[in-house]
Amino acid sequence: MSPTRRSVLKGFAAAATLAATGAPNAFAAPRPRKTPPADAVGLLYDATRCIGCQACVVKCKEANGLPPDTGTPRGAMYDAPDDLNAKTKNIIKLYKGEDGRTSFMKAQCMHCVDPACASVCMISALYKGPRGIVVYDPGKCVGCRYCQTACPFNVPKYEWETAFPKIVKCELCRHLLDKGGIPACVAACPREAVIFGGLETLRADAKGRISREPMRYFPKVYGDTDGGGTQVLYLSAAGIPFGKLGLPDLGDEPVPELSESLTHAVYQGFIAPVALYSILGFAVYRSWRRQGLGKGGEE
Amino acid sequence: MSHNAAAVGGPILTRTFKVCLGVFAMCILVLAWRFVVGLGPTTGMNDGFPWGIWIAFDVVVGTALACGGFSIAILCYAFNKGKYHALIRPAVLTSALGYTLAGASVIVDLGRYWNVWKIPLLWNWNRNSVLLEVAICIMAYVVVLWIELSPAFIEVWKEQEKYPLLCRAARRVHRWLNRYLIAILALGILLPTMHQSSLGSLMLIMTTKLHKLWHTPLLPVLFLSSAILMGYAAVIFESALADEVFDRPRETKILARLSGIMVAVLFFFLAVRLVDLALRGRLGLVATLDFYSGMFLLEMALFLAPALLLLSRKRRNNPGIELISAILMMLAGSLYRFDTFLVGFRPGPGWSYFPTIPEMTVTIGFVAFEVMLYLFIVKQFPILHTGVSPHRLEAAPKPSG
Ligand code: SF4
Ligand code: SF4
């Protein structure tokens with residue numbers, strides 16, 4: 001009995017050392033922050049300029065070949081999506097406060113600098129493409145829908161009504177950009193409530209608007225640092241915090257930070273699993289001998 | 001690997017078997033429908049709740065309940081407790097069945113299942129993805145489990161002189177197994193350690209969507225320990241059931257020792273859960289007495305009850321109490337995992353999910369299929385311990401030396 005117990009203790013000690021040496025390393029060297037590529041592009045949506053005309057919603061569908069999402073109140077047909085869905089990559093919502101104040105809100109993919117969807121996708125069917133656009137490759141996607149649960153903005157949508165579904169989300173009209181164009185929603189907007197451009201220019205523009213008209217705006221650019229930063233930026237009217245517009249309070253930490261640093265800590269270079277495997281292999285071998293398993297006798 | 005195991009024998013087409021067959025047939029019909037019309041019409045899932053019971057129950061709870069093979073293997077091999085050997089084969093059998101069917105329900109759940117073959121291709125891997133780790137690990141573990149179980153089949157097939165081909169193949173595999181079994185057994189402990197903790201890590205990224213009572217950096221630790229608990233509990237539950245059904249003597253002596261270890265794991269789990277909440281200033285959420293704190297308290301009670309019940313040695317030796325504690329533990333772990341994946345998951349206002357009847361039919365159908373396979377295999381192959389020791393059955397493979 002005593003040698004057995006001693007070797008069990010030895011095994012424990014080894015495991016504990018492994019844990020003790022692995023853990024501080026992981027926390028001493030945090031995952032490096034991601035930065036947007038130099039040629040990153042994005043959108044700036046200024047809620048104070050939006051009149052809720054939905055022109056961007058219509059043009060987005062047209063440009064992306066998306067079918068209408070029809071509702072038929074009182075017999076007439078309307079293209080009336082009630083949220084982002086497999087037929088709607090871009091939507092205008094309305095916030096109405098208790099004091100009667102209203103604000104419009106445009107929702108589409110935020111093209112996060114450090115996207116949760118791309119972090120979780122097993123085989124990178126969602127990934128940061130050229131100019132930092134978060135791109136979808138249906139050729140790889142297995143339809144696990146982890147991207148949907150992981151995205152803090154609830155952006156990726158799934159074609160629930162078909163046997164051969166895809167994930168649907170805004171890709172910043174990359175097909176138009178490739179031809180030198182601009183995203184359809186931007187082209188459609190009669191008020192320049194949403195504009196397209198290089199990320200740094202947009203950031204400067206947004207901050208400039210706040211400092212020029214501090215009474216008009218809520219004093220923060222959403223997306224500047226939120227969740228590690230997004231390539232879609234938001235300005236809201238004074239007195240209407242972004243939470244009211246449905247934008248989550250993420251803090252400055254990138255959303256995948258915790259999950260990736262823990263995973264990397266454990267699987268760094270596959271050292272911990274290999275070490276554990278060697279310990280286990282040894283333990284099994286020893287029990288095998290001790291218990292005389294190979295010799296056809298028991299205990 | 002096993003010693004005094006023997007096939008139970010008896011007819012296959014019993015009433016239980018036929019009922020299961022009926023349920024499974026219904027499940028197949030629903031599945032056919034699902035593959036024609038897609039997930040929308042057949043399930044309650046939606047863009048807010050893209051993961052339903054096929055993931056939360058079949059995979060997350062199901063594989064943990066199928067962790068008996070893992071829990072017992074840790075004891076037998078890593079901690080050198082040879083006395084638990086009698087439990088290994090039945091535990092590995094349920095693990096193999098549970099994991100295989102969890103794999104099957106993943107395929108059913110995947111929207112673009114025809115692309116799955118791309119997952120194992122190394123150059124496609126996104127090494128940041130926890131799900132990748134889970135997927136690869138579970139696929140590998142299914143293979144490992146069937147290999148671990150294969151001596152039970154080989155022992156039978158080796159003697160089938162009527163089918164020379166089968167016989168020869170079995171003998172060849174047997175030789176191969178002798179050489180590699182140690183490496184495989186060690187894998188059988190490593191892989192569940194990895195993917196059971198990773199199942200918890202899957203929810204780490206949901207910093208805003210998972211309720212604060214469940215979201216913690218310690219999710220992997222909690223998931224690993226709950227898997228060990230649920231595995232043990234399932235072994236007890238199942239051996240009680242098997243002893244009852246096949247009218248065999250209870251294995252209380254062995255199981256009582258196991259229960260003692262479980263008490264420690266139970267208190268470990270409770271301590272980690274509570275200390276973590278306290279340190280991060282979230283204990284106040286328990287006092288809100290809303291729906292979520294209610295679910296949390298129910299979990300805590302389910303973990304605490306068996307811990308207290310099994311505290312005294314006398315009660316541990318009582319087969320009734322032991323069975324009740326095992327059931328409580330299975331419920332506790334299942335609820336914890338279910339809460340983490342579904343109840344505590346809050347994608348935003350306006351979203352809700354409840355499984356549809358077709359969805360539940362598939363889940364129940366898979367369980368029925370598992371029962372059928374279990375009954376078939378224990379009747380045909382030496383899985384269950386006999387209590388006597390017929391020397392003929394001591395065909396344990398040798399290690400490489
Ligand atoms: S908003 Fe969501 S879908 Fe878009 S990049 Fe970020 S995580 Fe991905
Ligand atoms: S559904 Fe497709 S895109 Fe989304 S995480 Fe899964 S494989 Fe990636």
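The model is predicted, so local features need pLDDT of at least 70, side-chain atom pairs count only at pLDDT 80 or more, and totals for chains, interfaces and linings use all residues. Residues are numbered from 1 along each chain as written, chains are lettered from A and ligands numbered from 1 in the order written, and side-chain values use heavy atoms, leaving out hydrogens and water.

**The interface in numbers**
- Contact (heavy atoms within 4.5 Å) links 69 residues of chain A with 73 residues of chain B.
- The two chains bury about 6100 Å² between them, 61% of it on carbon and sulfur atoms; buried area is the accessible area (1.4 Å probe) that two parts lose on being put together, summed over both.
- A:Met122, A:Trp160 and A:Trp288 supply 13% of the area chain A buries against chain B, more than any other three residues.

**Charge pairing**
- Across this interface the rule finds one salt bridge, meaning a side-chain nitrogen of Lys or Arg within 4 Å of a carboxyl oxygen of Asp or Glu.
- B:Asp109 and A:Arg145 form a salt bridge through their side chains, at 2.9 Å from N to O.

**Around ligand 2**
- A:Arg145 also belongs to the residues surrounding ligand 2 (a heavy atom within 4 Å).
- Other members of this shell include A:Cys121, A:Cys141, A:Cys144 and A:Cys147.
- By class, the shell has nine nonpolar residues, one polar and one charged; here Ala, Val, Leu, Ile, Met, Phe, Trp, Tyr, Cys and Pro count as nonpolar, Asp, Glu, Lys and Arg as charged, and the others, Gly among them, as polar.
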